[in-house]
Amino acid sequence: MANSLARVCREARACRVCAAHLPHEPRPVFLVGAAARLLIVGQAPGRRVHLTGIPWNDPSGDTLRAWMKMARTEFYDVSRIAIVPIGLCYPGTVDGADLPPRPECAPLWHPRFRAALPKIRLTLLVGAHAQAFYLGERRKRTLAETVRAYREYLPEYFPLPHPSWRNRGWLERNPWFLRTVVPALRRCIIRARP
């Protein structure tokens, strides 16, 4: 299985499927290990992550780690956690906002990564794009309704809002998230560990 994961990683890093649609050279960003029990599926790398090649290496990552109550060293431990965004490459921006992940990416790479990561016990679906791909018609009408109904998707998935600063208003309008969902998230992460 490790050879299979190594092959998927090698081929994903060499991917140029959507190169013509990107404002820069493709730089797929993901972090995986065959023993990982927790998979984090975000949207797509932002500019800072694209430049460093480290997933969630930005203020959004700081917020996500705070929600998870997890230090950077544990977060980036590939023997425990795999990180594969819906879009592997930075899609660029429009009017200061990141563009959505390229539509070619998730159908091409996520089934292959999932097949090569058989020990995953829990997948965090961070943001609407991850939820749309993995939950499909099972997701609710709004992101808030989907996140509030997190129990319906357990034990396989745990939907979360994106931890971007742009979602501060969402967090203020939905105080139940920090009060009830974040503690449940932490309990689920503990149960998913080896």
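Visitor: How far apart are the closest N and O atoms in the salt bridge of glutamate 104 with arginine 102?
Guide: This is a predicted model. Glutamate 104 is partly exposed, at 26% relative accessible area. Arginine 102 is partly exposed too, at 22%. Their closest N and O atoms lie apart by 2.8 Å.

Visitor: How many residues apart are glutamate 74 and arginine 193?
Guide: Glutamate 74 sits in helix H4, residues 72–75. Arginine 193 lies in the segment after H9. The pair links distant parts of the chain, and the separation is 119 residues.

Visitor: Is glutamate 74 buried or exposed?
Guide: Buried means under 20% relative accessible area. Glutamate 74 has 18%, so this residue counts as buried.

Visitor: What does glutamate 25 count as, buried or exposed?
Guide: Glutamate 25 forms a salt bridge with arginine 16, with closest N and O atoms 3.3 Å apart. Arginine 16 is partly exposed, at 40%. The cut-off for exposed is over 50%. Glutamate 25 is at 54%, so the label is exposed.

Visitor: How many salt bridges does the structure hold?
Guide: Arginine 16 with glutamate 25 is one of them. Glutamate 104 with arginine 102 is another. The structure's total is eight.

Visitor: How is helix H3 oriented relative to helix H9?
Guide: The axes of H3 (residues 59–68) and H9 (residues 176–192) come within 8 Å. They cross at roughly 75°. Angles of 65 to 115 degrees count as roughly perpendicular. Therefore H3 and H9 are roughly perpendicular.

Visitor: How many residues of the contact of H3 with H9 are charged?
Guide: H3 brings Ala66, Trp67 and Met68. H9 brings Phe177, Leu178, Val182, Leu185, Arg186 and Ile189. Eight of these contact residues are nonpolar and none is polar, while the number charged is one.

Visitor: Which element gives the largest share of the largest nonpolar core?
Guide: This core has 29 residues, and Ile40, Met68, Leu124 and Phe158 have the most contacts inside it. Elements that give two or more residues include strand S1, H3 and H9. The largest share is nine residues, and it comes from H9.

Conventions
Residues are numbered from 1 along each chain as its sequence is written. This is a predicted model: local features need pLDDT of at least 70, side-chain atom pairs count only at pLDDT 80 or more; totals for chains, interfaces and linings use all residues. Side-chain values use heavy atoms; hydrogens and water are left out. Axes are lines fitted to C-alpha atoms, for helices over the stretch in contact, and angles run from 0 to 180 degrees between N-to-C directions. Helices (H or I, at least four residues) and strands (E, at least two) are DSSP runs, numbered from the N terminus. Angles under 35 degrees count as roughly parallel, over 145 as roughly antiparallel, 65 to 115 as roughly perpendicular and the rest as oblique. Contact means heavy atoms within 4.5 Å. Ala, Val, Leu, Ile, Met, Phe, Trp, Tyr, Cys and Pro count as nonpolar, Asp, Glu, Lys and Arg as charged, and the others, Gly among them, as polar. A nonpolar core is a set of buried Ala, Val, Leu, Ile, Met, Phe, Trp, Tyr and Cys residues joined through side-chain atoms within 4.5 Å. Buried means under 20% relative accessible area, exposed over 50%, partly exposed in between (1.4 Å probe, protein chains only). A salt bridge is a side-chain nitrogen of Lys or Arg within 4 Å of a carboxyl oxygen of Asp or Glu.
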